Amino acid sequence: MQIPHDTRIALDTVVDLVNTAPEGMSGSDPADGLADVDALFSFVRAHDISGVTDLDARDLGAVLDVRRRFADVFAAPDAVAAAALINQLVAGAGTTPRLTDHDGYDWHVHYFAPGASVADHLTADCGMALAFIVVAGEQERLRRCEAPDCGRAFVDLSRNRSRRYCDSRTCGNRLHVAAYRARRKEAAAG
């Protein structure tokens with residue numbers, strides 16, 4: 001599956017956004033990754049979201065709502081449900097596709113209107129990236145980690161759609177080691 005560069009960046013951004021929610025974070029006592037405006041500003045900087053200068057509590061509230069709605073897309077049981085959720089999101093963002101080549105990047109499409117809020121910016125660009133996945137018939141690639149103590153969102157871009165964990169080096173390896181130890185313990189007891 002070939003994904004354009006800007007779509008891949010938007011997919012990475014939406015995954016990171018969904019994973020800022022406490023239920024998407026690993027660990028015994030996960031905190032909200034967007035607990036305040038400073039955390040939102042750090043997220044915006046880390047993801048190089050253009051055109052965002054000032055943020056306030058209203059922006060934070062709107063982004064938290066968008067995050068919840070994107071999480072619903074990852075939980076959608078099928079493409080029909082995912083498409084309905086994405087359509088609602090994108091329509092609410094006042095999507096305005098336009099070509100741009102700013103900041104040294106080649107030509108790419110921005111879906112948000114000039115001067116859009118950070119929530120509308122994320123909704124438009126990330127929503128269209130998710131739409132790309134659904135249009136390609138690949139909605140099942142929008143997944144949650146199968147590790148019992150994880151649940152982080154990810155986009156399975158493996159060739160055969162077989163990825164089960166958000167990170168095979170952490171969640172996948174941890175479960176494989178646990179299964180190996182359980183088998184050895186059972187063999188030693190039996």
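**Exercise 1. What share of the 190 residues of the protein counts as buried?**

Solution. Start with the term: buried means under 20% relative accessible area, exposed means over 50%, and partly exposed lies in between (1.4 Å probe, protein chains only). By that rule, 38% of the 190 residues are buried.

Before going on, note that this is a predicted model, where local features need pLDDT of at least 70, side-chain atom pairs count only at pLDDT 80 or more, and totals for chains, interfaces and linings use all residues. Residues are numbered from 1 along each chain as its sequence is written, and side-chain values use heavy atoms, leaving out hydrogens and water.

**Exercise 2. Find where confidence is lowest and where it is highest in the protein.**

Solution. The score is pLDDT, the predictor's confidence in each residue, from 0 to 100. The protein averages 86, and 87% of the residues score at least 70. Next, go to the elements: helix H6 (residues 168-189) has the lowest mean, 66, and H3 the highest, 97.

**Exercise 3. Describe how H1 packs against H5.**

Solution. Two packed helices are described by the angle between their axes and the distance between the axes. Axes are lines fitted to C-alpha atoms, for helices over the stretch in contact, and angles run from 0 to 180 degrees between N-to-C directions. For H1 (residues 5-18) and H5 (residues 118-135), the angle is about 110 degrees and the axes are 8 Å apart. Now classify: under 35 degrees is roughly parallel, over 145 roughly antiparallel, 65 to 115 roughly perpendicular, and the rest oblique. H1 and H5 are therefore roughly perpendicular. Contact means heavy atoms within 4.5 Å; residues making it include Leu11 and Val14 of H1 and Leu122 and Phe132 of H5.

**Exercise 4. Which residues make the contact of H1 with H3?**

Solution. First, the geometry: the axes of H1 and H3 (residues 57-75) come within 9 Å and cross at roughly 105 degrees, which makes the two helices roughly perpendicular. H1 contributes Val14, Val15, Leu17 and Val18, while H3 contributes Val63, Val66, Arg67, Phe70, Ala71 and Phe74.

**Exercise 5. Is Ser50 buried or exposed?**

Solution. Locate Ser50 in the loop between H2 (37-46) and H3. Its relative accessible area is 19%, so Ser50 is buried. Leaving aside neighbours within four places in sequence, Ser50 is in contact with His102, His110, Phe112 and His121.

Key
Helix = DSSP H or I, 4+ residues; strand = E, 2+ residues; numbered from the N terminus.
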